[in-house]
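Hello! Here is the structure I promised to hand over. Have a look at it first, and then read my notes below.

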Amino acid sequence: MEPESITVDPATGLSRLTDFLQMGGPAIWAIALLSVLTVALILWKLYRFACFGAWSGGRHSQAALMKWKAGQHAAAIGLLDGRRSLRARLTRAAMMAAHSNLSDTEAREETGRVAHGLLAKARGGLRGLELAATIGPLIGLLGTVTGMISAFQALQEAGARADPSTLAGGIWEALLTTAAGMAVAIPAQVALTWFESITDRLREDMEDTATQVFVSREATPETIRALAAE
């Protein structure tokens, strides 16, 4: 006996989706738009973190640090040329600052400035996810409240001829917006927490790498002049 094939009619699915949106009123349309923007923002952040080398482990930075500690400063910097990961870019900036004629304090401040800018790029878009996680339930609650008001107004107008089933139908339709708002807010909050943990790990790795660069730096004027002449 052959298994029955399951077919889905796209027109039927679209009709059901349209009916669902119409039942929720304007609030559900706003939540639907918010959900699309939230998914797009999450995908964009995943792409950005991949470009920033969030999951690469910093292999090139560690290799450059080994050369730096061995005194091969020019080779260490060259190994990081053109790298796009945040760890590599911060490591190169720290090495360039330590390799320059800047004092130790000035070199550290310059490295901190670069690190601040790189971390700002890593945090880009997190405010949007935070906003989605905050306003999603609020929009849903607003839709529920307005739906309940409409349901009770209809009940009042019906008077003695009021049908309890009509009121119950109006209430569950109003509650749809609250459920939809939570369905958007929960993934947004989960993604926000995950992305923040990734950013924190990047910050810790960048701080550790920069510290290793400056700990290995010989800051005597003679050495600085010799490095600058390489």
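T38 counts as buried because its relative accessibility is 6%, where buried means under 20% relative accessible area, exposed over 50% and partly exposed in between, with a 1.4 Å probe and protein chains only. This is a predicted model, in which local features need pLDDT of at least 70 and side-chain atom pairs count only at pLDDT 80 or more, while totals for chains, interfaces and linings use all residues. Residues are numbered from 1 along each chain as its sequence is written, and side-chain values use heavy atoms, with hydrogens and water left out.

You will find T38 in helix α2, residues 26-51; helices are DSSP runs of H or I with at least four residues, strands are runs of E with at least two, and both are numbered from the N terminus. Setting aside neighbours within four places in sequence, T38 is in contact (heavy atoms within 4.5 Å) with L129, A132, V184 and A188.

Helix α2 also holds W44. Is W44 buried or partly exposed? W44 counts as partly exposed, because its relative accessibility is 39%. If residues up to four places away in sequence are not counted, W44 touches G124 and G125. W44 and G125 are 81 residues apart along the chain, yet 8.7 Å separates their C-alpha atoms.

Now for the whole protein. There are 9 helices and 0 strands, and buried residues make up 36% of the 230 residues. Among contacts with a separation of 6 or more, 78% come from residues 24 or more positions apart.

Enjoy exploring!
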